[in-house]
Amino acid sequence: MALWRAYQRALAAQPWKVQVLTAGSLMGLGDVISQQLVEKRGLRGHQSGRTLIMITLGCGFVGPVVGGWYRVLDRLIPGTTKKDALKKMLLDQDYPDALITNYYLWPPVQLANFYLVPLHYREDPASTTLVSIPPEFSTSDDLSAATVTGEWQPRLDRKVDQKAK
């Protein structure tokens, strides 16, 4: 509980920095979990560069963009009623290519996030959800290609290593 209270104090004192660092930390943790528990790479097979990319994306892109987007949504639709949460969730949906995949996960997460979570904590449930996304929905193997083409799509065609089963 002391760690949680320290986190709350830091978040109250410097919300932007803490949210950005939280997003980077959770994305890095998600990659470590993916590589070690799902892909079973072991410490020698761990791709540190991939983890560093995820941390960098979390701190440099996801944290600032998601945090800023939540602030915009809160200005556009002030309030925390169920109706307000539904409006925010509908505005939060992505471009058509990712929309179908998003509907599997994000609407229930975001409804709860907008209805139950105060603004300065909203990024945490979203980032935590990213940590728990299975690797079949991950785009980390194609980061360089996706960055060039701008296409972010789930990797549903990924083959699972039979040894890992």
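Two aromatic rings of Phe, Tyr or Trp (for Trp, the six-membered ring) count as a pair if their centres lie within 6.5 Å; planes under 30 degrees apart make the pair stacked, over 60 edge-to-face, and the rest tilted. With that rule, a search of the whole structure turns up two aromatic pairs. The rings of Trp-4 and Tyr-7 have centres 5.6 Å apart and planes at 25 degrees, so this pair is stacked. Both residues sit in helix H1 (residues 2-13), three residues apart, or about one turn of the helix. Helices here are DSSP runs of H or I with at least four residues, strands are runs of E with at least two, and numbering starts at the N terminus. Tyr-70 and Phe-114 make an edge-to-face pair, with 5.7 Å from centre to centre and 85 degrees between the planes. Tyr-70 belongs to helix H4 (residues 48-76) and Phe-114 to helix H6 (residues 96-116), so the pair ties together parts that are 44 residues apart in sequence.

This is a predicted model, in which local features need pLDDT of at least 70 and side-chain atom pairs count only at pLDDT 80 or more, while totals for chains, interfaces and linings use all residues. Residues are numbered from 1 along each chain as its sequence is written, and side-chain values use heavy atoms, with hydrogens and water left out. The pLDDT is the predictor's confidence in each residue, from 0 to 100. Its mean over the protein is 77, and 71% of the residues reach 70 or more. Confidence is highest in helix H3 (residues 42-45), at a mean of 94, and lowest in helix H8 (residues 143-149), at 36. Over residues 135-162 the pLDDT is below 50; beyond near neighbours in sequence, this stretch has 32 contacts in the model, a contact being heavy atoms within 4.5 Å.

As for the overall build, the protein has eight helices and zero strands. Of its 165 residues, 36% count as buried, where buried means under 20% relative accessible area, exposed over 50%, and partly exposed in between (1.4 Å probe, protein chains only).

Charged side chains come next. The structure holds four salt bridges, each being a side-chain nitrogen of Lys or Arg within 4 Å of a carboxyl oxygen of Asp or Glu. Arg-50 and Asp-31 meet in one of them, at 2.6 Å from N to O. This pair links distant parts of the chain, with Arg-50 in helix H4 and Asp-31 in helix H2, 19 residues apart. Arg-50 counts as buried at 8% relative accessibility, and Asp-31 does too, at 4%. Arg-50 also forms a salt bridge with Glu-39, the closest N and O atoms being 2.9 Å apart. Glu-39 lies in the loop between H2 and H3, so its pairing with Arg-50 in helix H4 ties together parts that are 11 residues apart in sequence. At 21% relative accessibility, Glu-39 is partly exposed. Asp-31, Glu-39, Arg-41 and Arg-50 are linked in a network of salt bridges.

Another salt bridge brings together the side chains of Lys-88 and Asp-74, at 2.7 Å from N to O. Lys-88 lies in helix H5 (residues 82-91) and Asp-74 in helix H4, so this pair ties together parts that are 14 residues apart in sequence. Lys-88 is buried, at 0% relative accessibility.
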